[in-house]
Amino acid sequence: MSFVATPQSMHFPEALPLQSGASIRDYDLAYETYGQLNADRSNAILVCHALNASHHVAGYYEGQAKSEGWWDNMIGPGKPVDTNQFFVIGVNNLGSCFGSTGPMHMNPDGGHVYGADFPVVTVEDWVDAQALLLDRLGITQLAAVLGGSLGGMQALSWTLQYPDRMRHAVVVASAPCLSAENIAFNEVARRAIVTDPDFHGGHFYREGVIPKRGLRIARMIGHITYLSDDVMNQKFGRQLREGLDLKYSTQDVEFQIESYLRYQGDKFSDYFDANTYLLITRALDYFDPAKPFGGDLTQALAGAKARFMLVSFSTDWRFSPARSREIVKALLDNRRTVSYAEIDAPHGHDAFLLDDARYMGVMRSYFDNMARELTAGQTSAQEAV
Amino acid sequence: MTEASSTFQAIANLVPEGARVLDLGCGDGSLLAYLQRERQCSGYGIEFDDSNVLACVRRGVNVLQLNLEDGLAIFEDNSFDVVLQIDTLQHLRNAEVMLRETARIGKQGVVAFPNFAHWPNRLSILQGRMPVTKRLPYQWYDTPNIRVGTYKDFEVLALKNKLRILDSFGLQGGEVRRWLPNARAGTAVFHFEHA
């Protein structure tokens with residue numbers, strides 16, 4: 001167990017213009033902070049979350065044993081991202097179902113919950129909202145933006161939208177944009193949700209139902225793509241749930257993997273919001289910083305000033321090492337400061353959340369250097385005085 | 001001065017002040033760190049081994065974990081002032097391709113590798129055995145060095161690949177050997193540019 005985390009919330013009355021042309025006002029952002037902001041406010045690290053995560057990055061909630069933050073192995077006192085050195089901020093994205101304003105909340109214009117009326121949000125919109133939160137926290141420049149997967153895309157977008165507001169970008173198991181295959185998986189998941197008879201065009205709250213069947217299938221598809229074939233075989237193989245006998249049924253759960261996927265799907269459909277799933281997968285689909293530059297990522301990243309650390313995992317086929325290398329290449333072409341670790345881990349995309357000595361070692365070393373920089377910076381500032 | 005640091009210095013002398021450097025097979029990044037510190041160079045190291053990558057990150061040297069055998073398509077032509085291949089060539093299956101790539105990416109290249117024609121090696125061969133020395137410390141059946149070549153061999157390879165040799169010398173115990181380097185030095189060093 002690590003430390004106790006306390007969720008907080010910030011209200012923003014002013015309208016936030018969104019990339020789609022729509023805007024959102026009177027919204028809340030849920031966030032958590034760990035560690036202490038130093039005197040010159042230079043040790044803040046923003047952690048951007050992936051698809052089904054939230055602001056609860058590290059620590060646990062008082063009295064809730066199973067409430068560990070999703071990146072608790074990475075962030076905390078004495079951990080690779082050491083909260084004795086850094087002031088870490090976890091923020092929940094707009095449209096989420098974990099505290100920030102989302103489709104389950106009241107629409108200030110309509111007098112009823114947003115549901116399907118919640119505007120489509122993009123990675124860029126999330127980054128804009130995060131920047132406003134930092135303004136309110138009095139942080140002009142971040143030591144780093146850190147994110148994995150979809151969080152890595154936000155970190156990348158930060159370097160382009162607010163190049164002067166950060167010194168480092170740590171992008172883990174991510175990609176400069178989704179491939180057609182990635183979008184295809186997202187689309188299957190979305191169709192599973194919207195074709196659920198309980199979906200009601202996204203206004204299922206009014207009907208008092210939840211499109212759980214769709215959510216279950218969406219999660220099952222997602223889950224398959226987060227693991228590697230090897231890990232699945234190792235964990236489940238062709239093992240049958242009930243001994244050796246085939247039941248000759250097409251309806252029953254027979255293989256262990258079926259049982260596991262159904263369990264994951266059921267769990268997910270109990271806590272995740274269907275509209276949020278649609279919104280987040282769409283944000284993933286849309287992210288493509290090279291698009292305004294005719295697909296030229298090198299041109300797109302020309303404005304980035306941050307120093308970069310990228311990490312990928314050899315068995316991650318959803319966000320493969322080749323996709324990280326595209327970012328590396330664009331940064332090399334722009335002569336940016338970049339390091340890249342390609343961790344030979346068996347776990348697939350999920351590896352970025354798991355403990356691997358090589359991965360944790362690289363992260364720890366990178367953040368240790370960052371912490372040393374902070375100390376050196378303070379020393380020189382003191383000397384100047 | 002230790003042997004390692006005088007070797008560094010001999011190689012660093014070939015790298016212009018402030019150069020943008022790519023170090024292929026950069027190991028723990030100590031040479032790059034030296035070049036950054038002593039010669040105000042910038043650049044990146046390429047390394048495959050996990051513990052070396054970690055050592056580089058720890059040192060604050062830019063490192064890219066890539067397998068050299070997969071090629072260097074990630075780098076544009078002439079994008080570096082100097083490309084270093086220090087004790088890397090002997091481990092590469094595609095040694096000649098990598099030499100050509102070095103010349104493509106870098107305005108200049110520096111290659112250093114164990115010189116198999118060093119006299120203790122010759123002596124060992126004369127006695128009928130593969131050499132096991134400080135510079136080539138492995139048994140023939142268990143060595144990461146899949147290429148063994150000589151100082152003279154490299155001259156021929158460089159000529160074949162239209163490389164203009166700017167300087168070359170042997171290194172023995174950290175000392176530069178310009179007289180009979182093929183026999184008198186355990187390490188061959190070549191500084192070249194593409195013609």
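Student: Is A:F367 buried or exposed?
Tutor: Let's start with where to look in this predicted model: A:F367 lies in helix α11 of chain A, which covers residues 357-384. Its relative accessible area is 0%, and the cut-off for buried is under 20%. So A:F367 is buried.

Student: Are α3(A) and α5(A) roughly parallel or roughly antiparallel?
Tutor: Good one to work through! The axes of α3 (residues 180-194) and α5 (residues 212-226) of chain A come within 7 Å and cross at roughly 165 degrees. Angles over 145 degrees count as roughly antiparallel. Therefore α3(A) is roughly antiparallel to α5(A).

Student: How many nonpolar, polar and charged residues has the contact of α3(A) with α5(A)?
Tutor: On the α3(A) side you will find A:F185, A:V188, A:A189, A:A192 and A:I193. From α5(A) come A:G214, A:L215, A:I217, A:A218, A:I221 and A:T225. By class, that gives nine nonpolar, two polar and no charged residues.

Student: How far apart are the end C-alpha atoms of helix α7 of chain A?
Tutor: Helix α7 (residues 256-271) has 16 residues, and at 1.5 Å a residue it should span 22 Å.

Student: Which helices do the buried residues of α7(A) pack against?
Tutor: The buried residues include A:Y260, A:L261 and A:F268. Their packing partners in chain A are α5, α6 (229-235) and α8 (274-286).

Notes:
Residues numbered from 1 in each chain as written. Chains lettered and ligands numbered in written order. Predicted model: local features only at pLDDT ≥ 70, side-chain atom pairs only at ≥ 80, totals over all residues. Heavy atoms only, no water. Helix = DSSP H or I, 4+ residues; strand = E, 2+ residues; numbered from the N terminus. Buried < 20%, exposed > 50% of the residue type's maximum accessible area, 1.4 Å probe, protein only. Axes fitted to C-alpha atoms, helices over the stretch in contact; angles between N-to-C directions. Parallel < 35°, antiparallel > 145°, perpendicular 65-115°, else oblique. Contact = heavy atoms within 4.5 Å. Nonpolar A, V, L, I, M, F, W, Y, C, P; charged D, E, K, R; others polar. Expected span 1.5 Å × (residues − 1).
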